[in-house]
Amino acid sequence: MSHRVSDYSGEMDTDINRVASSRRHSDNLPYVHKVGVPPKPNLLKEITETIKETFFHDDPLRHFKDQSKTKKLLLGIQAVFPILDWGRSYNFTKFKGDLIAGLTIASLCIPQDIGYAKLANLDPKYGLYSSFVPPLVYAFMGSSRDIAIGPVAVVSLLLGSMLQAEFDPVKQKLEYQRLAFTATFFAGITQFILGFFRLGFLIDFLSHAAIVGFMAGAAITISLQQLKGLLGIKKFTKETDIVSVMKSVFAAAHHGWNWQTIVIGVSFLAFLLVAKFIGKKNKKYFWVPAIAPMISIILSTFFVFIFHAEKDGVQIVRHIDRGINPPSLKQIYFSGENLTKGFKIGAISGLIALTEAAAIGRTFAALKDYQLDGNKEMVALGTMNIVGSMTSCYVATGSFSRSAVNYMAGCHTAVSNIIMSCVVLLTLELITPLFKYTPNAILASIIISAVIGLIDIDAMKLLYKIDKFDFVACMGAFFGVVFDSVEIGLLIAVAISFAKILLQVTRPRIAVLGKIPRTTVYRNIQQYPEATRVPGILIVRVDSAIYFSNSNYMRDRILRWLIDEDEMLKETNQQRIQYLIVEMSPVTDMDTSGIHSLEDLFKSLQKREVQLVLANPGPLVNDKLHASGFPDMIGEDNIFLTVADAVMTFAPKLEP
């Protein structure tokens with residue numbers, strides 16, 4: 001615990017005696033630097049700088065300065081299509097790495113695409129379509145070297161659950177597909193607008209803790225949904241919550257489960273998990289979990305075809321149309337009530353897809369130490385989904401599993417996405433009929449093995465250790481998804497993230513400071529118990545900007561501290577508080593409500609015969625204080641550069 005110094009002993013005694021002596025001998029007065037008064041700001045300049053820092057902090061136009069018109073045009077084209085920039089230095093060595101990576105992720109993406117399409121309640125071909133056109137568009141416009149584009153489990157589940165709330169995917173198949181394309185179009189529009197108008201900071205409102213919980217909950221929900229295919233159940237609930245799913249599973253236990261399907265599903269799930277474990281234990285064998293899904297598809301399809309297991313109730317894919325993506329522009333709803341539905345579903349799906357892609361892109365950019373322009377990424381992702389919606393694709397984004405394989409396979413550029421697209425093209429043109437006998441159980445196994453990695457137990461443990469509120473946000477999102485729906489889980493995640501922001505803004509931390517022994521440094525007495533308080537002086541620090549939302553709390557909290565301190569001093573017959581020093585270096589900004597609260601605090605302190613003193617206000621805060629005339633109210637001599645200067649000045653004036 002901190003201890004109070006009841007007399008001027010030790011170092012403090014020396015400091016104060018020196019000051020007292022200096023007052024007797026004016027030649028030796030200590031130098032106290034005055035707080036600088038900033039010049040009057042230009043309103044237009046202030047607004048311009050604020051907008052620049054908000055939207056253009058990375059100065060995206062710096063490359064265009066002092067360039068000719070031709071050079072500016074070339075740089076502008078390269079900004080839209082980064083491939084024209086890095087493509088000039090492309091060579092055969094890089095191509096070899098990209099070729100291997102592209103072939104590797106293609107072997108992983110084809111089985112996943114078929115399964116993820118079913119997760120979105122779409123025909124398997126739409127999953128393959130979404131790994132053909134969008135990666136090609138991204139390769140030309142994206143700035144990440146490592147991200148692998150295609151459908152992902154979480155977005156597929158979210159899209160499927162929201163779409164089927166509007167249309168039945170079986171009875172209203174055409175309307176369902178049209179709404180899926182409409183949602184994809186507006187997902188792309190949302191992403192494009194966020195990037196074009198440099199509004200990418202908006203997705204940061206979804207905290208890391210909320211994303212961890214949401215992803216884990218989605219992984220559980222996705223896995224539970226796969227029990228239909230894994231157990232061979234024909235009649236299954238359309239709800240996604242764990243209670244409804246488990247009721248549906250156990251209701252079909254006596255007559256709806258198919259033992260051949262269970263054998264196929266569980267056997268290959270075990271194989272996939274073992275392959276994943278091998279790849280995780282030894283990075284050299286990263287290709288093992290990458291090719292395991294394709295091996296599973298080939299073997300299971302072969303067994304079903306040889307033994308005609310479909311006649312024994314094993315559900316199979318049956319038919320995938322051969323050929324590349326047909327145009328779908330005319331199927332998009334551009335009017336009517338379905339336009340509104342598509343916009344709502346698309347905006348939500350687009351934001352989630354954007355959040356996942358941004359996290360993946362930043363992760364691998366940090367590993368390879370290169371810069372990623374988030375706004376350009378959003379424009380690229382938005383464009384590829386807009387084009388995708390017109391070519392029979394549904395929402396695509398960066399896939400973490402494929403991107404990890406892409407990275408470990410030694411990719412150098414986005415050419416690996418082009419290689420993957422070419423393999424998908426060949427699959428669509430030549431191989432799709434071979435998937436006819438692929439059992440649904442194997443697709444369920446592939447999806448389960450893929451989404452297990454979304455459950456990050458270590459991250460949850462770390463959240464619990466570091467910040468309990470973050471852990472609550474994580475668990476809120478997790479249980480919302482698992483026990484209700486993906487949309488409710490997402491809503492809870494956003495709500496808790498905003499609640500945390502509001503709590504931090506409305507209830508800023510205010511600390512009592514003490515002097516660190518043998519220094520002139522003043523720090524939080526809770527962090528430094530050895531710090532000593534100065535008799536007759538209460539020093540507090542406000543660790544936040546002071547706005548209308550927290551100004552009253554700040555004033556009341558400081559006054560309550562002063563009252564408690566005075567009561568304690570009376571009980572122990574110690575010197576009363578005569579000076580209140582507010583350390584303002586962490587206060588980055590202040591509005592009129594904040595200034596009014598300081599004025600109210602000053603008036604309340606006057607009644608108690610306590611002098612208000614400010615230490616180290618920043619330039620913006622100082623400017624606003626002078627504009628309001630507050631320094632004239634408390635006196636210019638009561639604003640100091642440091643807490644130490646204030647203590648050195650007022651300690652000798654304290655009444656005994």
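Predicted model: local features only at pLDDT ≥ 70, side-chain atom pairs only at ≥ 80, totals over all residues.
Residues are numbered from 1 along each chain as its sequence is written, and side-chain values use heavy atoms, with hydrogens and water left out.

**The chain as a whole**

- The protein chain has 27 helices and 10 strands; these are DSSP runs numbered from the N terminus, with helices being H or I runs of at least four residues and strands being E runs of at least two.
- Along its principal axes, the C-alpha trace spans about 105 × 70 × 55 Å.
- Of the 656 residues in the chain, 51% are buried. Here buried means under 20% relative accessible area, exposed means over 50%, and partly exposed lies in between (1.4 Å probe, protein chains only).
- The chain exposes about 31,500 Å², and carbon and sulfur atoms supply 62% of that area. Accessible areas come from the Shrake-Rupley method with a 1.4 Å probe, and for residues only the protein chains shown count as cover.
- Among contacts (heavy atoms within 4.5 Å) with a separation of 6 or more, 81% join residues 24 or more positions apart.

**Domains**

- The domain assignment gives domain 1 (84-498) and domain 2 (510-650); such bounds come from an automatic or database domain assignment.
- The centres of domain 1 and domain 2, taken over C-alpha atoms, are separated by 54 Å.
- UniProt, in an unreviewed entry, places the feature "domain: STAS" at residues 527-650. UniProt positions are given in the numbering used here, feature names are shortened, and annotations may be inferred rather than shown by experiment.
- Residues 527-650 are 48% helix and 16% strand, and the C-alpha atoms at the ends of this span lie 25 Å apart.

**Salt bridges**

- Side chains of opposite charge can pair when their charged atoms come close. A salt bridge is counted when a side-chain nitrogen of Lys or Arg is within 4 Å of a carboxyl oxygen of Asp or Glu.
- The whole structure holds 15 salt bridges.
- One of them pairs Lys500 with Asp467, at 3.4 Å from N to O. Lys500 sits in helix 22 (residues 486-506) and Asp467 in the loop between helix 20 (457-466) and helix 21 (468-483), so this pair ties together parts that are 33 residues apart in sequence.
- Lys500 counts as buried because its relative accessibility is 17%, while Asp467, at 22%, counts as partly exposed.
- Another salt bridge brings together the side chains of Arg533 and Glu565, at 2.8 Å from N to O. This pair links distant parts of the chain, with Arg533 in strand 6 (residues 532-533) and Glu565 in helix 23 (residues 551-571), 32 residues apart.
- Arg533 and Glu565 are both buried.
- Arg555 and Asp600 also form a salt bridge, their closest N and O atoms being 3.4 Å apart. Since Arg555 lies in helix 23 and Asp600 in helix 24 (residues 592-607), the pair ties together parts that are 45 residues apart in sequence.
- Arg555 is buried at 17% relative accessibility, whereas Asp600 is partly exposed at 33%.
- Shared partners join Asp467, Asp470 and Lys500 into one salt-bridge network.

**Cysteines**

- How many disulfides are there? The count comes to zero, where a disulfide is a pair of cysteine sulfur atoms within 2.5 Å.
- Cys422 is partly exposed, with 39% relative accessibility, while Cys474 is buried at 0%.

**Two positive phi angles**

- His308 is not a glycine, although its phi is positive, at about 50°. His308 is found in the loop between helix 14 (287-307) and helix 15 (337-368) and is partly exposed at 33% relative accessibility.
- Glu609, also not a glycine, has a positive phi of about 60°. Glu609 lies in the loop between helix 24 and strand 9 (611-615) and counts as exposed, at 58% relative accessibility.
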